[in-house]
2 protein chains.
Amino acid sequence: MSQGEMLGPVDDAVGYVLKQAAVALRNAMDAALRPLHLTVPQYACLELLGQHPGLSNAELARGTFVTRQSMNVVLRGLEDRGLVTRPVTAPRGRELPTVLTQAGLDHLRTASVAIRRIEKKMCGDLTPAQQKGLLEALATCVRSLADTP
Amino acid sequence: MSQGEMLGPVDDAVGYVLKQAAVALRNAMDAALRPLHLTVPQYACLELLGQHPGLSNAELARGTFVTRQSMNVVLRGLEDRGLVTRPVTAPRGRELPTVLTQAGLDHLRTASVAIRRIEKKMCGDLTPAQQKGLLEALATCVRSLADTP
DNA sequence: TGCTCTATGTCAGGACTTTGACATAGCAGA
DNA sequence: TCTGCTATGTCAAAGTCCTGACATAGAGCA
């Protein structure tokens, strides 16, 4: 029994299974990214930058659900490896728009196929309708939790 | 824009929305448990012990998706606060079966209603069918990811 | 113009979690 | 019997992430 199964009532709690799924996905992503010498936050940063070039540190942090400080060290690491570039001076306000380098784009492409393979595996036993329903249900949950009261 | 919305294609990725939902739930739970001076892992430990008295450290760790070491410090904290009890000597093997004290049970009850309120809020805008589908879909995802290949 | 408020980037410190390692207890098979 | 093998509890070290704080840049308003 590698991962708990016969726990009982907790398995009926949406929150518990949600956590379980998130951890399983995280572990799978971590294993898939390790050969590429990328951590999950680093990959998330690259993926976001690939889809939205020029994002600032704070925007990347919000998009990957970490703090600005954490994203800052991630960006420094990626910058030292030559995967992303930031201007030395802020063109507007204090935001430093970050863009992928060619090496960063290459890394992103290989990592992206690996992650897409993981997602395919995760949702492989779901019908398209189930997958659509899952996506919508999760989005609804996020929206419901965001309501302040 | 407190949390990213207009991100685009990433919102269509199941993994991304899954992470988003998990973080939102985690934050909501953390806020709800703070008045009770409980962290999420501590609550998870109490909840698991409430449903399965006598669980060992390693079993609790697996049930809450952390390492044995982390669960060990959690248990020490709960033990120092008098919420759980462990025998000084192992009745079988090296396992130390942990049980809730009366104070631990009281804490669990109040915390449990708070967390149930969070879950209710999270799933409030979902139909019972949607909720059932979400639970099943997540369980299927976990099972699919657990397959070794 | 000047003031306040918000947002950004960054530094230092601390809290939490994980990785690595070790000794020990039970189990299965030669 | 005894010899791997697995599992458990625990210690030490490292890593990761967050909280708190500060200076700065732009927006809104008197």
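Colleague: Which residues does B:Leu134 touch, not counting residues up to four places away in sequence?

Modeller: This is a predicted model, in which local features need pLDDT of at least 70, side-chain atom pairs count only at pLDDT 80 or more, and totals for chains, interfaces and linings use all residues. Residues are numbered from 1 along each chain as its sequence is written, chains are lettered from A and ligands numbered from 1 in the order in which they are written, and side-chain values use heavy atoms, with hydrogens and water left out. Contact means heavy atoms within 4.5 Å. By that rule, B:Leu134 touches A:Val14, A:Leu134, A:Ala137, A:Leu138, A:Cys141 and B:Leu126.

Colleague: Which residues have the most contacts inside the largest nonpolar core?

Modeller: A nonpolar core is a set of buried Ala, Val, Leu, Ile, Met, Phe, Trp, Tyr and Cys residues joined through side-chain atoms within 4.5 Å; buried means under 20% relative accessible area, exposed over 50%, and partly exposed in between (1.4 Å probe, protein chains only). The largest such core has 90 residues, and those with the most contacts inside it are A:Leu134 and B:Leu134.
The largest share of this core, twelve residues, comes from α1(A).

Colleague: How much area do chain A and chain B bury between them?

Modeller: The size of an interface is often given as the accessible area lost when the parts come together. Buried area is the accessible area (1.4 Å probe) that two parts lose, summed over both. The contact takes 51 residues from chain A and 52 residues from chain B. Of the buried area, 74% lies on carbon and sulfur atoms, and the total is about 5,000 Å².

Colleague: How many salt bridges does the rule find across the interface of chain A and chain B?

Modeller: A salt bridge is a side-chain nitrogen of Lys or Arg within 4 Å of a carboxyl oxygen of Asp or Glu. Across this interface, the number found is zero.

Conventions. Helices (H or I, at least four residues) and strands (E, at least two) are DSSP runs, numbered from the N terminus.
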